[in-house]
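Dear colleague,

Here is the structure I said I would pass on.

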Amino acid sequence: MTSTTKRVGLATCSVLPDLDADDRPIVPALAARGVTAEPVVWDDPDVDWSAYDLVVVRSTYDYSPRRDEFIEWARRVPRLANAADVIAWNTDKTYLQALDDAGVPVIPTIWLDPERHLSKRAIHTRMPAFGDFVVKPVVSAGAQDTGRYQPVSAESRALAIEHAKELLDGGRSIMIQPYVTSVDTEGETCLIFVEGEMRHAVRKNALLTGPSRPTQGLYRKEQMRPVEATPAQIDVARRALAVAHERLGVTEPFLYARVDLVGGGEGDSPVVIELELTEPSLWLKHAGEAGTVEKLADAIVARIA
């Protein structure tokens, strides 16, 4: 088989059948390397996944309400990046416990699961007494079903309890975290890796301003800008990735990864807010001279060579 017949499937969702705009530059970059890349909807029953030399998970942003189905799909794809075991581990945010256990700085988290059948009073006693806090599902994407609340406001606290109870009654485990106020002024810093190498970083503005509300589309719109990651941020991100490798027993680098951090300014230690190994936006249009698209295309070609 010659290089011109190599095919790569770029897994997406039915809402974005032609990929998210940020992912589309991958297609011509692979074409320039003699590889045909095709957007393919992950839950399309008519797709023959064995026809692809590699399937790369990209804009599958609708998976979270059907996580079990999504993982089953991933296990059926013969050649998938990142691999199904990685996706199974990473789509449940309890992976943060593994980072915490290994000494990687993370936001302190209270974990509540529906099997405990907690009353509203029991939920109330587990919420912080001081400082804004966040309630969100353990399985979620794009800040869906996520809200920020104020404990000093009786109305806000009542909304937080209702939000948590609704998620738990719906069979969804939740997490409660203190809101890191530096996000309002400094945002989040997202470090993008390709084959284990940090390529570029972006700064994401604060998204959470109040209680959970319906999201228009698959995710809340984000304002991004390129930034230079600090050595401390790169170090924490690499430590988080090392834990993922250890827990998953994976020795080769992940094809792609994104580590989202808060803090890390002068005199402030960076803290992991999320480790994204499933379908992270790589913010390719903000890569500047880092050449992230080219490096990703080269890495894909190397994997199917």
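This is a predicted model: local features need pLDDT of at least 70, side-chain atom pairs count only at pLDDT 80 or more; totals for chains, interfaces and linings use all residues.

A search of the whole structure gives eight aromatic pairs. One of them joins Trp49 and Tyr52; the pair is tilted, with 6.3 Å centre to centre and 45 degrees between the planes. Trp49 counts as buried because its relative accessibility is 10%, where the cut-off for buried is under 20%. Tyr52 is buried too, with a relative accessible area of 6%.

Another pair is formed by Phe70 and Trp73, and this one is stacked: the centres are 5.4 Å apart and the planes are at 25 degrees. Both residues belong to helix H2 (residues 67–76), and because they are three residues apart there, about one helical turn separates them. Phe70 has a relative accessible area of 0% and is therefore buried. Trp73 is at 1% relative accessibility, so Trp73 counts as buried as well.

Arg7 lies over the face of Tyr52, 4.6 Å from the ring centre; Tyr52 is the residue that is paired with Trp49. The charged end of Arg58 sits over the ring of Tyr256, at 4.9 Å from its centre.

Regards

Technical notes. Residues are numbered from 1 along each chain as its sequence is written. Side-chain values use heavy atoms; hydrogens and water are left out. Rings of Phe, Tyr and Trp (its six-membered ring) pair if their centres lie within 6.5 Å; planes under 30 degrees apart count as stacked, over 60 as edge-to-face and the rest as tilted. Buried means under 20% relative accessible area, exposed over 50%, partly exposed in between (1.4 Å probe, protein chains only). Helices (H or I, at least four residues) and strands (E, at least two) are DSSP runs, numbered from the N terminus. A charge sits over a ring if NZ of Lys or CZ of Arg is within 6 Å of the ring centre and within 35 degrees of the ring normal.
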